[in-house]
Each structure stands twice: as C-alpha cells, then as structure tokens.
Amino acid sequence: MIQRIHSLLYKPTIVLSILAVTSCSGPSESERDHLVFRYNEHSNIPTLDPAFARNPQIIWPTNQLYNGLVQLDDSLNIKPDIAKRWEVNDSTATYTFYLRDDVYFHKNKAFGAKETRKVVASDFTYSFDRLTDEKVASSGSWVMQNVASYRAANDTTLVIQLKQPFPAFLGLLSMRYCSVVPKEAVEHYGTEFRRNPVGTGPFQFKLWEENVKLVLRKNPLYFETDAEGRKLPYLEAVAITFLPDKQSEFLQFVQGKLDFLNSLDNSYKDEILTTTGQLQKNYKDDFYLIKGPFLNTEYLGFFMDSESPEIQSKALRQAINYGFDRSKMVTYLRNGVGIPATHGFIPKGLPGYETIEGYDHNPALARQLIAQYKAETGDERPEIVIGTNSQYLDLCEYIQRELQKLGIAVSIDVVPPSTLRQMKSSGELDIFRASWIADYPDAENYLSLFYSPNFTPNGPNYTHFKSAVFDSLYQRSLTLSNIEDRKVLYTKMDSIVISEAPIVPLFYDMAVRFVNKKVSGLGINPQNFLILKRVKKEK
C-alpha cells in the first residue's frame, strides 16, 4: 500500500509521544496506542473558548471539552445533554429546562481546594451573559438575538423566553457557542481562558503547544454512560497535530500515525478514491470509508443589485443554470463525492430537500433562453465574470467551458478566500462562488439567505434577492412549531428561489471520512462534527 504513494512529496512530520503527557511511567507507547485517538488539523486553532467556536477547527476540539443544554444525534434529532428534559409553551415562546444534578466541571485550580463543583442553572445564565457581552465580542452573540430573557428559577431549572416564536431555537442551543463555562475559570484565567479551557465534556485539557500539538485527556468525572451503563468516554486521550500540508497529512494517515482523515484534497483524491467515490482496493484491508450528506450547499450567486444586463435578465440566469451537467462535474471533479444540486437550495439531510424540481442539464433550453435574452436586450455577446478562490477554480473552469459552448463568454476572477468574502459581502462581484454550511439543523437557516431584511452587511443575503411573497412565507414559517407545517412553506420558498434564479446551485456536499480499521464507533453526521466519546480502538 505504501509503495503506491512513493511519488508524493515526503515532508518531515512531527511524531507525537502521547506517553510523555499521559503518564510518567508504565506501559510503552505502542501498548497504550489503542487508548489514544489521533487526528490532524491543518488549519490553526486560534482558541478553545466556545464563545468563539465559529468554524470546524475550533468546534471539533471544543466538542470534546464542553456540553450545552441539548445535543444532536447523528440524525440531527435534539437529545438531552445537561438538560435532562424540557417543556415548551408555544403561546408565550417560553422554554423551561430541567437540568441534571450530576454534572461536574473539569478539575482545575480555579475552583480552589475542592478543584471542581456541580453545574447549576446560574452557570448557563452566566455563560449566556458572556456570549452577549460586547467586551467579550463573541462571534456567536447573534445566537441570542431572539431571546428576551433567561433566568435560573433554582439550581436545576432554567427558563428562557423568546421575543417571538422561533421553531429552530432548540437546534440553535445545540451549537457550541451555547456551552456552559464556569465563572471561576473565566475570571481566573482572563484572556488566557482561550488556552486554559474548563468545561464539562468527555475530555479535559492537558497540553497545547500551539501549531505543534494539542492533547486532551479523559474526564473521569464525565456524566454520560453507554447503553450497558459503562462510563464514557472509552478513550484515554485525544492527540491533535497541526501539519499544514495535506500530502504530509495523507502520508501520516496511510502509515497509521493518524486514525482518520477528513479531507479530500486534489493531490491524493484519485489515489484513494475511484471516480465513483469508492475506496481504492489497495486501501480496503487497512481502512474503511464513511460517507453521508453534509449540510453544505455549493453555489454561484448573482448580485441582484448589479446594473449588468446579464445579471438583471432572469432568462440568462436560468440559461446558466441549465447550461452544464452537474452529475459529470461531481463525478469527474469530485470523484463522486457530492450530490448534484438538481432540486433546490436546501441540501439533502434537511426537511424540504428533494421536494421540488430544480435545474438539470438542458442545453437546448439554455440556447432558447439565451436567444430570449438577446431579443430582449439587443446584446448579441453576453459576457459574465465569476469570482472564486483557487480551491474551486476547476469547477468554475468546467462551467466556463460548458457555457462558452452555448455562446456565453465567461471570465474567471481568482482571488484569495478572504478577499472573496469581503467582495461578496460588499456587492463588488456580479457572480461569486460560495457555499452555505448550516449553522443549525433547520432549513430556515438556508432560506434566511433570501429574506430581504437580511441584505448584506446586515445579514447573509449576499445576492440581495427580494420577493414580497417569499418574505411573507418566511415570516409565517417562524410562527409554526410543527416541522411538517414548516416544511410546506419551506418548499414554497425554495421553489420561488429556484424559479427566480438568483443563484446557481452546484452540488450538495457530502462528509467523507477515511478511518483506520482499528477504530470503531466514530460515525458521521450531516454537520460533520467530530464526536469522540463513543469511539474505541483495537490494540
């Protein structure tokens, strides 16, 4: 197996000795390896404070360190976490949570001689106060924007009242932003709480050499058990390295020095996957592949306030949607990892997906719509410019080739990711490549991109799409607690978006995990979160 990758550039990597940070004496590292889960994070982790858990590289380790009121299972069902049960009064938009009384914070010197204490309801009011404190400047403060008040009725009862009904609120509370943190530790460490995290999660902080290694240890006080009553987690430690180069990360994985690989980079995708998205046979003895829907829609967006006649023309926007084959794009450029976006904007994995007919490859209809555009505008040479970053250049070049066959001249403007985000937000790009990863598991999160009060920079409506009918349906959906009732409105809203074509849906993403066969219990979920409390490793 290793011989197959001899052509890849080998770069020196860091070999992490977990034995040095887990014990001073005892079994050798190889004998203890089955107790340590190892993965690589090729982006920097700037903080371990859940108030700033805005992206996967922060969410993954903080998932191991913290708990909230509720959690999601792998099917995105809301499950108890520190709250063992809750009641919802729809008429007053009031949520009453009844907390467990056996949850303890990680042992830490911030608590003094006792080293820990139980979590009480007032810890959540403190954590929410901190989330909305302007001095903290949390990236998650928006989570509380619809909350009118919250209070601790007693040590095990928390009451939250919303300003208005918001059916997705429980899903919002599952976000890492809403984790409980202890006042003692935050005040003790001050700004250094970012690298001295104290939570309640299955693992606790042990060691962090920034950009080199991060080690978490099993929390012996953790409250959850498995179906047989055994305490979680099973692992003794989690070890994270920070190799920035994905080829080096791949080499570490195939050599057995990492337990799983989450990324699919162009440098090795053909090496490990077939064109149909299956594991290459040379790797099947040592690894297995897990795939599933990922709540991420990749798309092109049109800036609807542009003065360009091409952007203003619904006919041309629809022609672009019909002008290329999404299935071929996913097969040949993504090795089958993805689902062609031929329905709506809502991705697979959420209620509302696959209930409407979207755009498929139809070059004849595309030519008719282009002819209609020419007749309406007198413009015989339609031209467009697509803004993207280098990671998605191959997708945009494929679309460019296909549209040019139909008579639409396409230029591609490649800019750095940070520049693309800024230009997209300020309306400087007529057409931009973008993606929307769900903040919380409700289709409302996707449809909020087309609600007119959310025009950027005040919200995520990057296209500046506006429809009075859409806005009315969106507002009405917020008053419905029953998901089946909301689903009907979600479908209508998604249909409006597809008909008016302010976007070009490309594909619905898939989460892909390559896992060492020694590992079991890892699982996968549509948010692609890393949950390690039920993971086991064989010797």
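**Close-up views of rings, cores and cysteines**

**View 1. Arginine charges over tyrosine rings.** The charged end of R433 lies over the ring of Y392, at 3.5 Å from the ring centre, where a charge counts as over a ring if NZ of Lys or CZ of Arg is within 6 Å of the ring centre and within 35 degrees of the ring normal. R85 likewise places its charged end over the ring of Y98, 4.0 Å from the centre. The model is predicted, so that local features need pLDDT of at least 70 and side-chain atom pairs count only at pLDDT 80 or more, while totals for chains, interfaces and linings use all residues. Residues are numbered from 1 along each chain as its sequence is written, and side-chain values use heavy atoms, with hydrogens and water left out.

**View 2. The edge-to-face pair of Y299 and F345.** The count of aromatic pairs comes to 27, a pair being rings of Phe, Tyr and Trp (its six-membered ring) whose centres lie within 6.5 Å, with planes under 30 degrees apart called stacked, over 60 edge-to-face and the rest tilted. Y299 and F345 form an edge-to-face pair, 5.2 Å centre to centre with 85° between the planes. Because Y299 lies in strand β12 (residues 287–302) and F345 in the loop between β13 (339–340) and α12 (363–377), the pair ties together parts that are 46 residues apart in sequence; helices (H or I, at least four residues) and strands (E, at least two) are DSSP runs, numbered from the N terminus. Y299 is buried at 1% relative accessibility, as is F345 at 0%, where buried means under 20% relative accessible area, exposed over 50% and partly exposed in between (1.4 Å probe, protein chains only).

**View 3. The stacked pair of F470 and Y474.** The ring centres of F470 and Y474 are 6.5 Å apart and their planes meet at 15°, so the pair is stacked. These two residues, four apart in helix α16 (residues 468–477), are separated by about one helical turn, and both are buried. Ring pairs link F470 and Y474 into a cluster that also includes Y299, F345, F432 and Y446.

**View 4. F470 within the largest nonpolar core.** A nonpolar core is a set of buried Ala, Val, Leu, Ile, Met, Phe, Trp, Tyr and Cys residues joined through side-chain atoms within 4.5 Å. The largest has 103 residues, of which L69, F97, I160, L173 and F470 touch the most other members. Another core, of 35 residues, lies apart from it and includes A315, L316, I384 and I498.

**View 5. Buried cysteines.** C178 is buried, with a relative accessible area of 1%, and C396 is buried at 1% as well.
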